[in-house]
Amino acid sequence: MGRGRTLGWLALAAALLALPHLAPGSYFVHVMIVALIFAILASGLDLVMGYCGQFSFGQAAFYGIGAYASALLALRLGWSFWAAFPAAVLITAAFGALLGVPSLRLAGHFLAITTIAFQVIVHQILTQWHGFTGGTAGLTGIPAPPPLRLGGVTLAFESPAAYYYLCLGVSALALAVAVRLVRSRIGREWLAVREDELLAKTMGIDTTRIKVLAFTLGAGLAGAAGSLLAHYLRNIHPSEFTIWTSAEIVAMVILGGRGTLAGPVLGAVVLTVLPEYLRAAQDYKLILYGLALIVMITFLPDGLMGGLRALRARTAAA
Amino acid sequence: MALLECRGLTKVFGGLLALDALDLAVEAGEIVGLIGPNGSGKSTCFNLVSGILRPSRGQVLVDGRDVGRLAPWAIARLGVARTFQLLRVFPRLSVLDNVLLGHHLNLDAGLLASAAGTRRARDEEAEARAESRRLLELVGLQAVADRPAEHLSIGQRRLLELARGLAARPRLFLLDEPAAGLSPVNVERIVALIRRMRDERGIAIVLIEHVMKVVMGISDRIAVLDYGVKIAEGPPAAVRADPRVIEAYLGRRGLRAGR
């Protein structure tokens, strides 16, 4: 890595750490918390869609499963966030493995339709199963993470700024693990499945296992995002976890650049922050997403990151 | 016990008998040519042995074990590698990554070791990389190692398929027309490579090939298919002289192509 790049990363890290102190009022901090949660969702979907090449319209369903699992563990069993969070990740990952199973037999459009069905079913369960999920009214009174005592220091998570740091920590960790994985043999096998599944199979790669693994990890990350959301908002509704949310996450991945990890994170930040500050953008959000997707897929199929890379290659050549 | 044995191997597509009760045995370290006119069932035979197709009847035995129900990846892990007539590479991955993926069935690092980047996982990766570069040097592709595979010419792709197959350290290598579409220089190179695979690594090879000079020159034994039926088998000289073969295959094709 060049020196300029190292400096760039350091500057980005400093900016992210200083952000709650720079922004006047807490609204921007709130927007950034949501952006970080979506960054986790989008990087999870990127493993499935960008690297492994399996289309999924179900990421918001996993997001919901994580949020409700974490909230229910806290409300019904009195678990603290610190126990409910990892449990939610594992539970959601297990559902991911379950959805991975049909992906073994289905490909392309058929798999996409299956994930849409899964998304709709999960949303229906969240809305209809009043006794368990609270129905359309959702769940309220979810506790914030209790303070953490590390040595002599006590870290509280009541304030938005503190919660922002929590989300920043989780997303940085999630991204670090994801980057490691995609650069390892596992990431290479995902790409092999994306490029030519039959060839991968004849080369001794257990494509079944590697696809289920992508679904499991992608869902696990969505579970982490859901748990973070539940204990931040303190109440959750099924309306957060509809197919439109899934479509937004797909848009983030495609806009940012499939199979780049950094791209979907960028896409998540852009598509969370922009609508908050452009009133018109909020009203016509889905129409604009649709247009943006058509434009991107036609002119920049590798997304913003792909565009940036091409630009850098061109300036380096010139 | 033979390394590979096909017993009464049969494949029916709808009403078409693509392969009809083929009996064929391949011993370790042997080079067996599989020839026949287009559509005679040669590639179907490869697809059955490598697990892409399921036999309609009959058996495929590797080390005496029936592999007819195994997934392709499980058969590959028994030491069976193959190339494709219509050339299959991972187009957007680098040439080096294509070969590295050939090594994967011999790697140990699992999910946790890969996520944590343990020392063993890193050592294993470094070793596989070094070995992949050596293989690219062996086939003469070291200069293009870091280019996407889609940039390679047909001849280079054929060489890449060989390097990728060798990376798996196979005991049996199925080569589907490795010399098709190659310049004479590259044909020489492939023939030399195939000989070295057998002589230096003891790999048994089954070779589908239309270039008669190649298949007659390097095969220990040749089996001839016509309309899914094996019509002859034996040493190249005997097969070449067999009247059924001349009628079904060499007569028409050999005269026309002037080979």
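**View 1. Helix 1 of chain B against the strands in the predicted model.** In this predicted model, helix 1 (residues 42-49) of chain B lies across strand 3 (31-35), strand 6, strand 7, strand 8 and strand 9 (221-226) of chain B, and its direction makes an angle of about 145 degrees with strand 7 of chain B.

**View 2. The open sheet of chain B.** Six strands of chain B, in the order 6-7-8-3-9-10, form an open sheet in which the pairing is mixed. Strand 6 (80-82) and strand 10 (229-234) of chain B each have a single partner strand and stand at the edges, so one side of each is left without a neighbour in the sheet. On average, and with direction ignored, neighbouring strands of this sheet are turned by 15 degrees against each other.

**View 3. Strands 7 and 8 of chain B.** Strand 7 (residues 172-176) and strand 8 (residues 204-208) of chain B pair in the parallel sense, over 5 bridges. Within this region, L174(B) has V206(B), in strand 8 of chain B, as its bridge partner.

**View 4. The two domains of chain B and their contact.** Chain B is divided into domain 1 (4-89 + 156-257) and domain 2 (94-151), with 27 Å between their centres, taken over C-alpha atoms. Across the boundary, 16 residues of domain 1 of chain B are in contact with 16 residues of domain 2 of chain B. On the side of domain 1 that touches domain 2, helix 6 (154-167) and helix 7 (184-201) of chain B each supply at least two residues, and helix 6 of chain B gives the most, with 9 residues. By class, this side of domain 1 of chain B has 10 nonpolar, 2 polar and 4 charged residues.

Technical notes: Residues numbered from 1 in each chain as written. Chains lettered and ligands numbered in written order. Predicted model: local features only at pLDDT ≥ 70, side-chain atom pairs only at ≥ 80, totals over all residues. Pairing = 2+ DSSP bridges. Helix = DSSP H or I, 4+ residues; strand = E, 2+ residues; numbered from the N terminus. Axes fitted to C-alpha atoms, helices over the stretch in contact; angles between N-to-C directions. Contact = placed C-beta atoms within 7 Å. Domains from an automatic or database assignment. Nonpolar A, V, L, I, M, F, W, Y, C, P; charged D, E, K, R; others polar.
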